[in-house]
Amino acid sequence: MKRAVSVIFAALAVQSLAAQAGIANFEHVVLIIQENRTPDNLFYALCATHTCDPHATGTYDVQTSDWLDKYSQTGVTQPGPVGLAEDYKVRHRHIDFTAMCDLDQVTHTCKMDGAGDIECLPAKRCPPKPQFKYVDNSDGILTPYLEL
């Protein structure tokens with residue numbers, strides 16, 4: 001409910017600013033609001049063939065298996081599905097991105113195997129290895145994101 005009220009206030013503010021600026025030629029103002037999720041988490045398996053639009057020049061390229069995990073015996077973890085409305089969050093602070101990087105001090109490159117170090121809150125609601133989850137799109141719930 002709080003997010004819906006914020007969106008309404010943001011839309012009204014944009015409408016008011018447009019009116020004050022005399023911008024009469026605009027028919028629509030579009031607000032795109034992204035959930036607090038990483039691209040891998042939301043778009044893991046959105047396009048089964050990894051080409052979202054056969055007419056597009058770009059391709060959809062998110063790694064769909066063997067996510068690097070320094071805490072796994074094999075060094076990788078297979079991601080698992082989770083619902084869009086799960087009631088937990090994986091932190092997205094700068095310190096979390098640097099933890100995920102896991103900088104190699106010799107090569108000065110990111111090993112990208114530190115996701116397991118990122119905190120999940122509230123801990124009592126977090127599934128095992130929440131950093132290695134993706135939103136299941138088998139019911140098409142993520143299709144509007146792609147269409148935007």
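The structure is a predicted model, in which local features need pLDDT of at least 70 and side-chain atom pairs count only at pLDDT 80 or more, while totals for chains, interfaces and linings use all residues. Residues are numbered from 1 along each chain as its sequence is written, and side-chain values use heavy atoms, with hydrogens and water left out. The protein holds four helices and six strands, where helices (H or I, at least four residues) and strands (E, at least two) are DSSP runs numbered from the N terminus.

**Overall build**

- Of the 148 residues in the protein, 24% are buried; buried means under 20% relative accessible area, exposed over 50%, and partly exposed in between, with a 1.4 Å probe and protein chains only.
- Among contacts (heavy atoms within 4.5 Å) between residues at least 6 apart in sequence, 57% join residues at least 24 apart.

**Disulfides**

- The structure contains two disulfides, a disulfide being a pair of cysteine sulfur atoms within 2.5 Å.
- Cys-101 is buried at a relative accessible area of 12%, whereas Cys-110 is partly exposed at 41%.
- Cys-120 and Cys-126 form a disulfide with their sulfur atoms 2.0 Å apart, and this link is left-handed, with -95° about the S-S bond.
- Both Cys-120 and Cys-126 are buried.

**Salt bridges**

- Side chains of opposite charge can pair when their charged atoms come close.
- The count comes to eight salt bridges, each defined as a side-chain nitrogen of Lys or Arg within 4 Å of a carboxyl oxygen of Asp or Glu.
- Arg-125 forms a salt bridge with Asp-87, the closest N and O atoms being 3.0 Å apart. Arg-125 lies in the loop between S5 and S6 and Asp-87 in the loop between strand S3 (80–82) and strand S4 (89–90), so the pair ties together parts that are 38 residues apart in sequence.
- Arg-93 pairs with Asp-96 in a salt bridge whose closest N and O atoms are 2.9 Å apart; Arg-93 is partly exposed, with a relative accessible area of 36%, while Asp-96 is buried at 4%.
- Lys-70, Asp-102, Lys-111 and Asp-117 are linked in a network of salt bridges.

**Asp-69 and its partner Lys-129**

- Asp-69 sits in the loop between strand S1 (67–68) and strand S2 (76–77), and this residue is buried, with a relative accessible area of 1%.
- A salt bridge connects Asp-69 with Lys-129, the closest N and O atoms being 2.6 Å apart. The pair links distant parts of the chain, 60 residues apart, with Lys-129 in the loop between S5 and strand S6 (133–135).
- Lys-129 is partly exposed, at a relative accessible area of 39%.
- Leaving aside neighbours within four places in sequence, Asp-69 is in contact with several residues, including Gly-75, Val-76, Asp-113 and Phe-132.

**Met-112**

- Met-112 is placed in the loop between helix H3 (94–101) and strand S5 (120–121), and Met-112 is partly exposed, with a relative accessible area of 42%.
- Not counting residues up to four places away in sequence, Met-112 touches Leu-68, Met-100 and Cys-101.
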